[in-house]
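Please keep the sequence and the structure at hand while reading.

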Amino acid sequence: MTQLPPGRHGSASLDDTTSRWEPVIGLEVHAELLTASKIFCGCSAAFGAPPNRNTCPVCLGMPGVLPVLNRRVVEFAVRAGLATDCRIAPRSRWARKNYFYPDLPKGYQISQYEQPICVGGFIDIVVDGTTKRVRLTRIHMEEDTGKNIHDAHGNASLVDFNRSGVPLLEIVSEPDMTSPAEAGAYLRGLRTLVQYLGICDGNMEEGSFRCDANISVRPRGTTALGVKVEVKNMNSFRAVEKALAFEIARHVRVLEEGGTIVQETRLWDAEREETRSMRSKEFAHDYRYFPEPDLPPIVVEEVFVESVRASLPELPDARRARFVEQLGLPPYDAEVLTSRRDLADYFEAVVRTHPNAKAASNWVMGDVLRLVKERKLDDALTITRWPLSPERLGELIALVDSGTISGKIAKTVFEEMVTSGGSPRAIVEAKGLTQVSDEGPILAAIDKVLAAHPDKVADYRAGKDKLLGFFVGQVMKATAGKANPPLVNRLLVERLKPV
Ligand SMILES: [Zn+2]
């Protein structure tokens, strides 16, 4: 391949390149399934156990053992297939993918090759307000490998087989994406979907949702595909987008300088923000796929497919539409709230406690998400770990709507609820935060403020209407924020009328 001087990698800006070159991107996603046990043995599939705790002769690849299929894996694959409009194959089969690596003691991975369980299908993505359909090639089942752990000093490499035999879905797209932004939208959409389906936690950092990208570029207006490169080792959506942008710029630079792209696998280096060559790309025939002799074909009957279809939850698109139509939320709110199933569940629980959907949406998208981010709870799939129960938040909104507290005081109560865990009503009572809606004390405060600012009163009466905001602020300050703001406004206007 053409070697580039250091520092020039990726220096062509995307703006220059998009006019002459069209990127072509296809993604392969590996989603670890949330089954209790592994795919071919009874070992726990849980993440995070001490090394090699969850192992047995089957997942350690001992000779003479026989794999037994976990039925739940098939159910999860069918779920994913139905949610993406795939055709579910009535009959599919297992294949051995042969290669050697220390994390694969059998010398082969049990996967699906010629006859995958799900074929076709699509995912619709939205980029810059435009909807685009990304077709799926297939979804197939396979086992995960163990994990190599390299000693920081380079003295030893260790292998942890806890992950060996954890079930995976490989979801393969057609090369339908033409920009890093589209790839990012596809991945986010797919992750939302597997989370809704309850089949994968979508955690990219822990590696339970992994993405390999195939990328090539071609002169705009042509249809033949350029030489593609596979990029691996990206463990966040941002990393995928950056790696793709880097590769597009690299391809264009090489081609414009008259060089050729080598078909290979490249690794994303997140520290240096560049890709580097890992190995020349292997081809399917290198793996010597052949039918797995230890497992019978998978037969999926129509009645099973229909029972899985009946158990599907409301999917993101449908939920988004319902939030707009039934709850009257703006499309943007509906988009944000349904981007995660747990977030949407939380929001709906708030609304069940007190039916003010727009107020609930404002609190959840603002203060709640801010806290979740601050406390790094983004990946907690359960709202039980969140700092505030939805019922408490609903009660807080009810206190504002009933006029018991002002919106400003509600922010104070919210912070106190998060710190102390108390109920909003108890906090309001204990701290004497109840909104003052009696005219007497408010008028007293108004008279004091007006007496202290005779010049401004004169200016207001001479036509400087904007000073009203100043007086409201002063009165709210004088009442420690407890005065009912609409009442303060009305009384001030009355008092400030020219005498
Ligand atoms: Zn096992």
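## Helix α10 and its cover

In this predicted model, the buried residues of helix α10 are P390, L393, G394, L396, I397 and L399. An α-helix has 3.6 residues a turn, so positions three or four places apart point the same way. The elements that cover the buried residues of α10 include α8 (341-353), α9, α11 (407-420) and α12 (424-430).

The helix itself runs over residues 390-401, and its 12 residues reach 17 Å from the first C-alpha to the last, which is close to the 16 Å expected at 1.5 Å a residue. After α10 comes G403, a residue whose phi is positive, near 80 degrees.

## The second largest pocket

How much space lies in the second largest pocket? The volume comes to about 1,500 Å³, and among the 46 residues that line this pocket, those closest to its centre are R188, G189, T192, F237 and S339. By class, the lining of the second largest pocket divides into 19 nonpolar, 11 polar and 16 charged residues.

Which element gives the most to this lining? Helix α3 does, with nine residues, and the elements that each supply at least two residues to the lining of the second largest pocket are β7 (122-127), α3 (180-196), α4 (237-256), α6 (316-325), α7 (331-337) and α9 (357-374).

## The enclosed space

Rolling a probe the size of a water molecule over the atoms shows where empty space is left. For this model the count comes to one cavity of 30 Å³ or more, and about 40 Å³ of space lies in the largest cavity.

The residues that line the largest cavity are C59, G61, L104, P105, K106, E143, D144, T145 and S164. Sorted by class, the lining of the largest cavity has three nonpolar, three polar and three charged residues.

## P296 in its loop

Residue P296 is placed in the loop between β16 (290-291) and β17 (298-299). Is P296 buried or exposed? Its relative accessibility is 55%, and because residues over 50% are classed as exposed, P296 counts as exposed.

Although P296 and R93 are 203 residues apart in sequence, their C-alpha atoms are 7.2 Å apart in space.

Key
Residues are numbered from 1 along each chain as its sequence is written. This is a predicted model: local features need pLDDT of at least 70, side-chain atom pairs count only at pLDDT 80 or more; totals for chains, interfaces and linings use all residues. Side-chain values use heavy atoms; hydrogens and water are left out. On a 1 Å grid over the protein atoms alone, a cavity is a set of points where a 1.4 Å probe fits but cannot get out, and a pocket is an open set with protein on both sides within 12 Å along at least five of seven lines; lining residues have an atom within 4 Å of a point. Grid points are joined across faces, edges and corners, and a volume is the space filled by probe spheres set on the points. Helices (H or I, at least four residues) and strands (E, at least two) are DSSP runs, numbered from the N terminus. Ala, Val, Leu, Ile, Met, Phe, Trp, Tyr, Cys and Pro count as nonpolar, Asp, Glu, Lys and Arg as charged, and the others, Gly among them, as polar. The expected span of a helix is 1.5 Å times one less than its number of residues. Buried means under 20% relative accessible area, exposed over 50%, partly exposed in between (1.4 Å probe, protein chains only). Contact means heavy atoms within 4.5 Å.
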